[in-house]
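Please read it alongside the sequence and the coordinates.

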Amino acid sequence: MEQTTGLSNLIRQTFSNLKNSQPQLTLKENQVVLGQVQKLFPEQKALIQIGQATLVAQLETAIKGNESYWFTVKGTEHTGLKLKVMKQVEGLLTNKIDTAKDLLEVFQLKNTKQNLALTREILKENIPITKEQLVAATDVLKNTPNTMSSQAIHAIVFALKQNYPISNEIIKSLMSIQTSTPLVQQIDKVLQLIQAENNQSGAIKQLYNVLSNLTENQTDHFDKKLLDLMKNPEQLNGHTLSSKEVLNLKELHVKLTMNNDEQIKSMLKQALQQNEYGIEKPQIEQASSLPIKENQKLTMSNLEQLKTLLNQLVQQNEQPLNKTGLTQPSSATIQFKENQLLLSQDEIMLIRKLAANVPLLSAKENVLDLFKTLDNKIGLQDEVKLWDQLMKGKELEGLLSLKNSLIAARNEIVSTLAREEVDQLIHRFNGQTLIQQDNGPTQQFISQYPLFLPHHQTDLTIQWDGKKREDGSIDPAFCRIIFFLSLPRLKDVMIDVQIQNRVMNISILNNNSVLAALVASKSEVLKQTLETMNYRISSIAVKPFEKENKVNIANQVQTIKSSPFYQGVDLKI
């Protein structure tokens, strides 16, 4: 499955838009900073410039004007902050490499390529740092593959700005959100590996059940609506069904409802997962995993290799192939459990035609229910819920979420590959929690939902940005919401909703030329609907992705390189 991951791009885009904002400087005990003496005052006080900030500080020793020094911060704001000279900068540090080398020398750390790259970024961002933090950061880099050192450095810089501890687990979590692998793909892979796991302990079975429930039960309302429309096809808005197809759908409804609910669900799922050749998705995945000889490239122009692989697969299932190497569509059927009826290929195609015209989430309640359900199933807010239970003196309740199930099963998994995939998923969920921004009067958080739809899998990424109300929630009258997802026909879609005093400006980015006309035809209905919610639309614009931005969507390198953050008031002496 080829799909762009919107989460990393949204983080990078937001951070780059605000990267020119100057953070306020707050110094803490034992941090080391590079400062230039601007002016000397009596009683060993001086005006010191640290990065873009200028402050008056009490000094422990005499210094010279217009010179640069490495200072250690001593004391606290309550007891009085002082700067202690660690080392005078000899001569002029003419470039960032010289300054980075000098900082490593101050801390007596090795002058490696990775350490230099890290200290350059720290100095570039004017981040005060303690020796313990820099030692921990260099240890993380030492255990990071060279190919991932750039991601690790950006994660370390972000962690320092957020005052997070520098540990392998936290940096791995921040690195994991830079992956280009879709979340739905990671979850699906873990499900397959857990299913094949030899040790089927209670924790592993629970994880399998949670994964299965997450991937299979997201669209129960869709199945119900599909069955309702089979019974009454005439109710499909703007349908183009022939009279024969209407009759066949009604007969198919009778046939399907002779089975129990689980059988019906299974039949619809398998019918919708088949492609136009009658080959089910699991079979295609199995074919893609068959061994290919070294240097053997599988391309559309090399059809013989594709036919060979499919022949291997079909021979295992004892099914004949036609001249193209594909299953005969006319005789294709779906095999089900005992006493379960079969669907012909004509019936399968009829179900698919009907499904293509049925909205997956046709009502606001469907959308809200889906998001609430996914929040609970994934468990990104489990820690918050547990803390709330503790604060309110409630009896602690177990949270049967995917995140908790992954943690519980992790140490019982035998397969090294399965354990690694589980670790990556845990880190990714932790990373989503760590990148939430609470910047004084504003708040930013990003949610990513894996959508396992009947005939498509995709990640829906939502970024919320806005003024914070007294209760800590985002003010719906002053905020910005960005949606990003990939759809089967429209491909990548980004919707940017900016709200000022309940007036909306909506920008839709997509490269499909038909979308503008479709949006224009629905804009009046949208305006009227939003007016009932006390919102007014100022503009709706549809435009293509810029070419350079389109390239950046897949480029994960700069994901969390820089971000705005509030650090209170300037240092007061």
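1. Strand β1 (residues 32-41) and strand β4 (residues 68-74) run antiparallel and are joined by five bridges, where helices (H or I, at least four residues) and strands (E, at least two) are DSSP runs, numbered from the N terminus, and two strands pair if DSSP finds at least two bridges between them. Within this pairing, Val-33 stands opposite Phe-71 in β4. Five strands close into a barrel in the order β1-β2-β3-β5-β4, with mixed pairing, and neighbouring strands of this sheet are turned by 55° against each other on average, direction ignored.

2. On provenance, this is a predicted model, in which local features need pLDDT of at least 70 and side-chain atom pairs count only at pLDDT 80 or more, whereas totals for chains, interfaces and linings use all residues. Residues are numbered from 1 along each chain as its sequence is written, and side-chain values use heavy atoms, with hydrogens and water left out.

3. For the chain as a whole, 20 helices and twelve strands are assigned, and buried residues make up 44% of the 573 residues; buried means under 20% relative accessible area, exposed over 50%, and partly exposed in between (1.4 Å probe, protein chains only). The protein chain exposes about 31200 Å², of which carbon and sulfur atoms supply 51%, the areas coming from the Shrake-Rupley method with a 1.4 Å probe. Among contacts (heavy atoms within 4.5 Å) between residues at least 6 apart in sequence, 59% join residues at least 24 apart.

4. Strand β8 (residues 456-468) deserves a look, because ten of its 13 residues are buried and the strand is therefore largely enclosed by the rest of the structure. On one side, twelve bridges join strand β7 (residues 442-453) to β8 in an antiparallel arrangement, with Phe-445 opposite Trp-464 in β8, and a hairpin of two residues links β7 to β8. Seven bridges also join β8 to strand β9 (residues 474-487), again antiparallel, and there Gly-466 has Cys-479 in β9 as its bridge partner. The hairpin between β8 and β9 has five residues between the strands, and Gly-472 in that turn has a positive phi of about 90°.

5. The axes of helix α3 (residues 113-124) and helix α5 (residues 149-161) come within 10 Å and cross at roughly 35°, the axes being lines fitted to C-alpha atoms, for helices over the stretch in contact, with angles running from 0 to 180 degrees between N-to-C directions. The contact is made by Gln-114, Ala-117, Leu-118, Glu-121 and Ile-122 of α3 together with Ser-149, Ile-153, Ile-156, Val-157 and Leu-160 of α5. Ser-150, which is placed in helix α5, is partly exposed, with a relative accessible area of 32%; Ser-150 and Ala-117 are 33 residues apart in sequence and 8.4 Å apart in space, C-alpha to C-alpha.

6. Most residues other than glycine have a negative phi. Asn-30, in the loop between α1 (6-17) and β1, has a positive phi of about 75° although it is not a glycine, and Asn-30 is partly exposed at 37% relative accessible area. Gln-108, in the loop between α2 (96-106) and α3, has a positive phi near 60° and is exposed, with a relative accessible area of 69%.
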